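Hi there,

Here is the structure I promised to pass on to you. Have a look at it first, and then read my notes below.

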Amino acid sequence: MELLYVRKYRIEAAKEAMHGYRRRKPRRVPLCRSQKDALNLLSEIKTMTQDEHILVRVEAIEAWIKRTEE
């Protein structure tokens, strides 16, 4: 969504950018040192997929992390 709304890509350009992104190896391994880091990584995952099965699981993990913060 960031490509479309923030960076103002056209749909075809955004699709091409995402296709290229997924084929590359990650530049760095994300570090998860805190609950905030975990929530940020989960938020990134949510923006990378539209698969409802994945989204439901990510949201369940987010809810659990938020409950453990209290």
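**A buried glutamate**

Let's begin with E62, which counts as buried because its relative accessibility is 10%, and the cut-off for buried is under 20%. Please keep in mind as you read that this is a predicted model.

Where does E62 sit? You will find E62 in helix α4. Its side chain makes a polar contact of 3.1 Å with the side chain of K46. If you set aside the neighbours within four places in sequence, E62 is in contact with L39, L42, S43 and K46.

Now for the wider picture. The chain has four helices and zero strands, so if you follow the sequence along, you will read the pattern α-α-α-α. Of the 70 residues in the chain, 14% are buried. The accessible surface is about 6600 Å², and carbon and sulfur atoms account for 55% of that.

Which residues form the largest nonpolar core? There are five of them: A38, L39, L42, V58 and I65. Two elements, α3 (35-48) and α4 (52-69), each give two or more residues to this core, and α3 gives the most, with three. As background, nonpolar side chains tend to be buried together in soluble globular proteins.

Enjoy exploring!

Conventions. Residues are numbered from 1 along each chain as its sequence is written. This is a predicted model: local features need pLDDT of at least 70, side-chain atom pairs count only at pLDDT 80 or more; totals for chains, interfaces and linings use all residues. Side-chain values use heavy atoms; hydrogens and water are left out. Buried means under 20% relative accessible area, exposed over 50%, partly exposed in between (1.4 Å probe, protein chains only). Accessible areas come from the Shrake-Rupley method with a 1.4 Å probe; for residues, only the protein chains shown count as cover. A nonpolar core is a set of buried Ala, Val, Leu, Ile, Met, Phe, Trp, Tyr and Cys residues joined through side-chain atoms within 4.5 Å. A polar contact is a pair of N or O atoms within 3.5 Å; within protein, one must be able to donate a hydrogen and the other to accept it, and residues adjacent in sequence count only if both atoms are side-chain atoms. Contact means heavy atoms within 4.5 Å.
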